[in-house]
Amino acid sequence: MGDVTFSVQSVPYYAQWASAPLVEDIVTGKLKAGEDPAWAEYGASTPEEYEWWSWRLCGVACLRMALEHFGYVAPAPMEIAAECVAAGAYVKQGDGLRGLIYAPFADWVGDRFGLFAEARPNLPAAEIPAVLARGRLAMLSVHPSIRHPHTEPPHTGGHLVLAVRATEDNLLIHNPSGFPNTSQQDAPVPWARLDSFYAGRGIILGAG
């Protein structure tokens, strides 16, 4: 099949860490997240606070990309995280975090920014091209190893990416934990491989 474009959108990119060029070193353990020299740009009070949250805010990174795309100024990640906690979209559990919880998150996004935001506990992959063709974006629950789409993940879900374009052969994603120059922006995932990573759920975002 050819690479016929169903939708073309230019969407800004944000990693879930403050320094996108350092994502591979952070993910592979070569660098502790708290050693990111740009940590204060996150809105965190300390490197330790930044490190704890940065591993958990893939959804916030996706939202910030969408906000910039639809003409908004994206708040700092920690500001969004605090508001999501207040809205019940993130729930702290002991030393961990339960989230992102789709329904309260979508409600908060709509109220806070006036965006169209729809939680979809069931979003078949076959529907994604039509969503993008309408000028919307889709946050999708995938396994984080989607940065290597030809590998076999142990399960689906656990990480959020932003679907930005669809072609006949590939879904193109902005991956908040993608690696520089290979899998961060407009990273192609063959449709034939998507279901190995994709949990079949997500959040659709669009202009209000």
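Me: Is W53 buried or exposed, going by relative accessibility?

Reply: This is a predicted model, so every value here is computed from predicted atoms. To read burial, compare the relative accessibility with the cut-off: under 20% is buried. W53 has 6% relative accessibility, so W53 counts as buried.

Me: What about W52: how does W52 count at its relative accessibility?

Reply: Values between the buried limit of 20% and the exposed limit of 50% count as partly exposed. W52 comes out at 26%, so W52 is partly exposed.

Me: How many aromatic pairs does the structure hold?

Reply: The structure holds seven aromatic pairs. W52 and W53 make one of them: their ring centres are 5.0 Å apart and their planes meet at 80°, so the pair is edge-to-face. The angle decides the label, because planes over 60 degrees apart count as edge-to-face.

Me: What is the geometry of the pair formed by Y72 and F113?

Reply: Y72 and F113 are also edge-to-face, at 6.2 Å centre to centre and 80° between the planes. This pair links distant parts of the chain. Y72 sits in the loop between α3 and α4 (77–87), F113 in helix α5 (residues 102–113), and they are 41 residues apart.

Me: How do Y72 and F113 count for accessibility?

Reply: Y72 has 29% relative accessibility, so Y72 counts as partly exposed. F113 has 9%, so F113 counts as buried.

Me: Which charged residue lies over the face of W52?

Reply: Look for a side-chain charge placed above a ring. K92 lies over the face of W52, at 5.7 Å from the ring centre. R64 lies over the face of Y14, at 4.1 Å from the ring centre.

Me: R64 brings us to a helix. How many residues of α3 are buried?

Reply: Count the buried residues along the helix. Ten of the twelve residues of α3 are buried, so α3 is largely enclosed by the rest of the structure. R64 is among the buried residues, as are C58, G59 and L67. L63 belongs to α3. L63 has a relative accessible area of 0%, so L63 is buried.

Me: Which residue with a positive phi follows α3?

Reply: G71 follows α3, and its phi is positive, near 95°.

Me: Where else is phi positive, in a residue other than glycine?

Reply: N181 is one case, with phi near 70°. N181 lies in the loop between β7 (170–174) and β8 (187–190). At 83% relative accessible area, N181 is exposed. D186 is not a glycine either, and has a positive phi of about 50°. D186 is also in the loop between β7 and β8, but D186 is partly exposed, with a relative accessible area of 33%.

Me: How is empty space found?

Reply: Rolling a probe the size of a water molecule over the atoms shows where empty space is left. Here the largest pocket has a volume of about 380 Å³. Its lining has 20 residues, and C58, G99, G158, H159 and L160 lie nearest its centre. The elements that give two or more residues to this lining are α3, β3 (96–99) and β6 (159–167). By class, the lining of the largest pocket has ten nonpolar, seven polar and three charged residues.

Me: What volume does the second largest pocket have, and which residues lie nearest its centre?

Reply: The second largest pocket has a volume of about 190 Å³. Fifteen residues line the second largest pocket, with Y14, A15, W17, A18 and R64 nearest its centre. α3 gives the most to this lining, with three residues. The lining has twelve nonpolar, one polar and two charged residues.

Definitions and conventions
Residues are numbered from 1 along each chain as its sequence is written. Side-chain values use heavy atoms; hydrogens and water are left out. Buried means under 20% relative accessible area, exposed over 50%, partly exposed in between (1.4 Å probe, protein chains only). Helices (H or I, at least four residues) and strands (E, at least two) are DSSP runs, numbered from the N terminus. On a 1 Å grid over the protein atoms alone, a cavity is a set of points where a 1.4 Å probe fits but cannot get out, and a pocket is an open set with protein on both sides within 12 Å along at least five of seven lines; lining residues have an atom within 4 Å of a point. Grid points are joined across faces, edges and corners, and a volume is the space filled by probe spheres set on the points. Ala, Val, Leu, Ile, Met, Phe, Trp, Tyr, Cys and Pro count as nonpolar, Asp, Glu, Lys and Arg as charged, and the others, Gly among them, as polar. Rings of Phe, Tyr and Trp (its six-membered ring) pair if their centres lie within 6.5 Å; planes under 30 degrees apart count as stacked, over 60 as edge-to-face and the rest as tilted. A charge sits over a ring if NZ of Lys or CZ of Arg is within 6 Å of the ring centre and within 35 degrees of the ring normal.
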